[in-house]
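Colleague: I am new to this structure. Could you show it to me and then take my questions?

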Amino acid sequence: MLKKLINYSLLLLLLFIMVATVRADRMGSTNYEFLFTNLNSGGTTTSSSNYTLDISLGQTAAKRWEENGYIVRAGFQYIHKLYPFTFTLSDTTLDFDTLLPNTPTTRSLTALISHRGQGYEVKVYEDHKLQTFDGGAWINDTLCNNDPACTSTQAELWDDDSDYGFGYNVTGHDVAPDFLGTNHYRPFSTSPVTFMSSNTLALARQSLIKAKINIDGAQAAGTYQTILRFIAVPKY
Amino acid sequence: MRKQILLILIALTLAGACWPGAAAAQEISLSVIPPQVEIIMKPNLSLIKAFNFENLGDPGVFYFKVISFRSSGDQGNLDFLPEAEGPVRFSLENSDIGLEERFFLKGKSTVQAILKVRTIENAPPGDYYYTLLMISEPPSTQVSAGRGSAILGANLLISITNDGFTSTTVKVAQFQIIPRYKFHFFGKTFLVIEPTDQVPVILKLANTGNYFVAPEAKVSLRGPYGIRQSKKLLPQNVLRNSQRLLTTAEPPQCERCQTAVSAVFNGFYFGKYQLSADIGFAGQNQKIFATSEYWALPIKLTRIVLGLFLAAGMLLLFLKSRHKYE
């Protein structure tokens with residue numbers, strides 16, 4: 001019994017000695033590879049009066065192309081760290097409760113952007129007009145005061161309570177220049193339209209989006225809804 | 001009596017548990033890293049790239065989708081297409097979610113989209129542009145409402161090439177200052193500014209090739225009395241078949257400009273100035289040069305002086321004629 005125990009112990013000891021050092025290996029197969037983004041944290045730009053040198057640690061080597069047939073670069077060449085692109089919507093429901101004829105109702109939310117790359121844009125579109133669940137009745141998109149009529153890309157004045165529809169106004173940072181004031185509105189479009197845009201880095205850029213509905217006395221009773229989609233993307 | 005108290009307590013507990021609390025706004029806050037990826041790859045190949053999406057707001061239901069985009073305008077804006085087009089195929093390698101499959105994500109938590117990018121066999125060489133979107137599912141409500149959905153995108157610029165080389169075909173689309181005055185003499189146009197004016201410069205590049213480029217450009221100003229000034233512009237991507245206005249890292253501040261500009265020179269200027277642009281491309285010997293010239297002349301002052309001379313002359317004539325009759 002004791003002899004067996006000694007033998008097993010020796011065997012285990014031998015196994016421990018023989019175990020090879022673990023080495024990092026390429027992850028993947030012949031078809032694919034797990035690829036990590038550049039280690040740009042050490043990258044910097046150095047310069048003197050005669051030269052400028054951009055250093056980016058871990059930059060994918062040309063050899064990678066020969067071996068694997070691809071090169072991947074992450075982030076922006078002129079930014080030497082990978083920063084996240086962040087988008088915040090303060091609320092996801094613009095709840096209009098009960099709508100009364102000739103009584104405009106507004107509801108607001110804020111959009112906030114943080115991006116250290118050069119530029120971003122925020123777009124909005126609606127899935128369809130404000131409509132009842134069965135689609136049998138709807139509230140038209142606004143034409144503003146119709147003097148001239150506003151369009152999905154051109155905000156116009158909408159302060160006349162006898163003009164009906166559904167639209168939005170935006171105020172704040174980097175807002176499209178056609179929103180001249182808090183009474184200038186655009187109708188929502190069914191294709192994405194930019195309302196906030198910048199070509200420079202954005203640190204906590206914020207806008208207030210105010211949606212407005214005004215209905216006439218002939219508007220059919222019912223619950224009207226649509227989905228408003230807010231898209232934030234970095235500029236390339 | 002004890003039984004009654006117990007019943008009341010149970011009833012109160014149940015009522016407290018079931019009483020609807022105050023409705024709170026659902027905040028959606030999303031972030032993505034990396035926000036952009038550039039890939040050069042051969043046809044009939046696949047690779048995997050991970051994107052980390054973080055939900056910094058309230059819990060919600062989300063899904064991922066990839067769509068194509070085109071360049072819009074000359075300032076890096078995107079024009080989305082409804083679906084992903086072209087010879088690139090996408091799928092998620094995540095074990096629990098696929099593209100366009102809904103998943104629940106808690107607040108203050110991260111999800112990694114492990115995106116598999118595959119180019120089809122015999123994919124035509126050239127660039128293809130996509131955006132990976134993380135889309136929040138809109139909340140449901142029983143009242144008249146606009147139900148909001150937040151969508152965050154990360155761009156993928158994919159260049160397909162057989163040999164690893166991406167040719168560069170770029171030309172200068174516009175290079176000039178925004179003048180205060182324009183004069184036409186003998187078929188030539190002279191751009192003129194006031195000596196104290198800012199000098200706003202526009203440099204737009206047109207990419208007529210099949211691959212995007214990130215030009216490294218420098219704009220220089222050379223004038224009399226040894227005046228030399230220069231500004232380095234950011235190497236921003238100019239996508240295939242598009243134009244882009246290159247800009248400095250610091251946003252150029254121009255008071256009298258109606259449009260976006262590349263750079264603004266400040267100072268006091270007088271005489272004739274030459275503006276030059278020196279445009280290079282990383283890893284290539286190819287260079288593009290462009291020049292433009294303008295004059296800094298005191299037009300306003302000249303007008304005032306001429307006006308004063310004219311007024312003085314007329315006054316003299318008037319006084320002279322009055323003196324003659326007296």
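**Chain B and its contacts**

Modeller: Between the chains, 58 residues of chain B are in contact with 59 residues of chain A, where contact requires C-beta atoms, placed from the backbone, to lie within 7 Å. This is a predicted model, in which local features need pLDDT of at least 70 and side-chain atom pairs count only at pLDDT 80 or more, while totals for chains, interfaces and linings use all residues. Residues are numbered from 1 along each chain as its sequence is written, and chains are lettered from A and ligands numbered from 1 in the order in which they are written.

Colleague: Which strand of chain B gives the most to the side that touches chain A?

Modeller: Strand 10 of chain B does, with 12 residues. Strands here are DSSP runs (E, at least two residues), numbered from the N terminus.

Colleague: Which strand of chain A is joined to strand 10 of chain B?

Modeller: Strand 15 of chain A (residues 225-234) is joined to it by 8 bridges, and the two run parallel. Strands count as paired if DSSP finds at least two bridges between them. Within this pairing, A:L228 stands opposite B:G148.

Colleague: Changing topic, how is chain B divided?

Modeller: Chain B has domain 1 (28-138 + 148-160) and domain 2 (170-300), with bounds from an automatic or database domain assignment. The centres of these domains, taken over C-alpha atoms, are separated by 35 Å.

Colleague: How many residues of domain 1 are in contact with domain 2?

Modeller: In chain B, 10 residues of domain 1 are in contact with 13 residues of domain 2. Strand 9 of chain B supplies the largest share of the domain 1 side, 3 residues.

Definitions and conventions:
Contact = placed C-beta atoms within 7 Å. Helix = DSSP H or I, 4+ residues; strand = E, 2+ residues; numbered from the N terminus.
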